[in-house]
Amino acid sequence: MAGGEPAALDAVTLSGEEPQLPSSFRVAAAAQVAIAAAGLAAARIWKLRSGEVQQVTVDMRHAVVECRSERYLRVEGTPPPPAWDAIAGIYRTRDQRFVRLHTNFAHHRDAVCRVLNCKAERDAVQAALMQWDAEAFETAAYGAGGVVSMMRSYEEWAATPQAKELAALPVFSIEKIAEAAPKPWPKGDRPLSGLRVLDLSRVIAGPVAGRTLAAHGADVLLVSGPGLPAIPWLTIDTGRGKLSAFLDLKSIGGRDKLKGLLAEADIFSQGYRPQSLAHLGFSPEEAAKINPGIVYVSLSAYGHVGPWAERRGFDSLVQTSTGFNHAEGQAAGIDGPKELPAQILDHATGYLMAFGAMMAKARQGCEGGSWHVRVSLAQTGRWIWNFGRVADGLETEDLKGDAIKPFVEQTPSGFGPLQAIRHAAQLSRTPAFWARPAVPLGSHPAQWPAR
């Protein structure tokens, strides 16, 4: 699937064991394996560039802490604000089912309140939802531009047309989409030195992928729009190592500028719904015409096929839709959903995105071609589900401050001094680190640094 050589048994060392967090799922093992995969891909590229083999080491606790990195970020010693909007979360419906609302962006909150015809207050939302059946509300809210999900059991999810479509697909895919000559590797002393990555993503999964590529030396340019909503704390945490520029892709000038950046890029990583960028002229196929040899990475919530291919989604909603919250609630003996103790679908997907991008780039360097990498939160969820369960995992004590300290680093930033989690994949010859500090969105011009 990835197209690389099988890793030598002594090329990677994985330490630690489950359980690390209170969960019936193997969230820490998933974190460790996803981060190790990205580390091995970076080591593979370094071998292609230098001929040198190196060891990759990933500690399980460090990995799962990094997959909750947003919780441990401190700016000038200040902890993060509340993660959720006031009306976000779980509600009962008329048919005694549960729905989850994701309202951290104002336009998503407004869409929910329009459908319910109520004020943005928890009691008002709950009262309004008692007039709705769960699936009918889920459908209506999505149709109005909201982002919600009905809680399903794993069996209910597996019976849906969407799940059946995804069951025939791999966890992620790397596909050659056009012919192109192999691109020579630029000079540099790190696996991704001199490689240019356009990062058009928000929230967690896509930005984590870009942050990971930056940790191995890539020049990552985060492109956002001046009017796009953002979650500041996540922007800081996932912005480490990146340049950040604004472009208005609704304007001809903004699209022309992006085309210019794309023409000189090596990797184009985007987290918008499958057809959003295609409508603006930046589909994988168009990107391969603009820049033969490009590696194009697409992230979606529920996959690129099936009736939910265009559906908006976030980690918490996919957990709810695909059975995780139901199964975790059952394991905890509660009447209702229970969240996983990390946004593991997001984080693991981000590392798998980075892995796919690097492996596609390695193949481009060897055999040429333009490549398309596809990942989705739902497929990552299926991968994690197949890891199996942890007996008595929910009885595990959550990690406290002393357990986190070994993985913390202090760095300057455009927001003040940061306390943040360093990268968990340790490479013996090319240590991972972020050469650029996190900065406010739009801090840089929309141009590439010199190679």
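Reader: How much space lies in the largest cavity?

Author: About 150 Å³ of space lies in the largest cavity. Its lining takes in 16 residues, and Ser201, Arg202, Val203, Leu222 and Thr235 are the closest to the centre. Before going on, keep in mind that this is a predicted model: local features need pLDDT of at least 70, side-chain atom pairs count only at pLDDT 80 or more, and totals for chains, interfaces and linings use all residues. Residues are numbered from 1 along each chain as its sequence is written, and side-chain values use heavy atoms, with hydrogens and water left out.

Reader: Fine, but what is a cavity here, and what is a pocket?

Author: The general idea is that rolling a probe the size of a water molecule over the atoms shows where empty space is left. On a 1 Å grid over the protein atoms alone, a cavity is a set of points where a 1.4 Å probe fits but cannot get out, whereas a pocket is an open set with protein on both sides within 12 Å along at least five of seven lines; lining residues have an atom within 4 Å of a point. Grid points are joined across faces, edges and corners, and a volume is the space filled by probe spheres set on the points.

Reader: How many cavities of 30 Å³ or more does the structure hold?

Author: Two. In the largest cavity, S9 and H10 are the elements that give two or more residues to the lining, and H10 has the largest share with three residues. Those labels are DSSP runs numbered from the N terminus: helices are H or I with at least four residues, strands are E with at least two. By class, this lining has nine nonpolar, five polar and two charged residues; Ala, Val, Leu, Ile, Met, Phe, Trp, Tyr, Cys and Pro count as nonpolar, Asp, Glu, Lys and Arg as charged, and the others, Gly among them, as polar. About 40 Å³ of space lies in the second largest cavity, which is lined by Leu222, Thr235, Gly239, Lys242, Ser244, Val439 and Leu441.

Reader: And the open spaces: how much space lies in the largest pocket?

Author: About 1000 Å³. Of its 38 lining residues, Arg202, Leu228, Gly271, Tyr272 and Arg273 are the closest to the centre. Helix H4 (106–116), strand S9 (219–224) and strand S12 (295–300) are the elements that give this lining two or more residues. Its classes come out as 20 nonpolar, eleven polar and seven charged. The second largest pocket holds about 710 Å³. Its lining has 30 residues, with Glu70, Ala83, Trp84, Asn104 and Gln343 nearest the centre.

Reader: Let's turn to sheets. In what order do the three strands of the open sheet come?

Author: In general, strands of a sheet pair through backbone hydrogen bonds, either parallel or antiparallel. Two strands count as paired if DSSP finds at least two bridges between them. Here the order is S3-S15-S14, with antiparallel pairing. Strand S3 (74–75) and strand S14 (408–411) are the edges, each pairing on one side only. Two bridges join S3 to strand S15 (residues 418–421), and Arg74 has Gln419 as its bridge partner there. S14 and S15 pair over four bridges, with Glu409 opposite Ala420. They form a hairpin with six residues between them, and Gly416 in the turn has a positive phi of about 115 degrees.

Reader: How many aromatic pairs does the structure hold?

Author: Rings of Phe, Tyr and Trp (its six-membered ring) pair if their centres lie within 6.5 Å; planes under 30 degrees apart count as stacked, over 60 as edge-to-face and the rest as tilted. The structure holds twelve such pairs. The Phe25 and Trp385 rings sit 5.0 Å apart at their centres with planes at 50 degrees, so that pair is tilted. Phe25 is in the loop between strand S1 (12–15) and helix H1 (27–50) and Trp385 is in helix H16 (residues 377–385), so the pair ties together parts 360 residues apart in sequence.

Reader: Which residues form one aromatic cluster?

Author: Phe25, Tyr154, Phe324 and Trp385. Trp385 also has the charged end of Arg389 over its ring, 5.8 Å from the centre. The test is that NZ of Lys or CZ of Arg is within 6 Å of the ring centre and within 35 degrees of the ring normal. Arg311 likewise lies over the face of Tyr142, at 4.1 Å from the ring centre.
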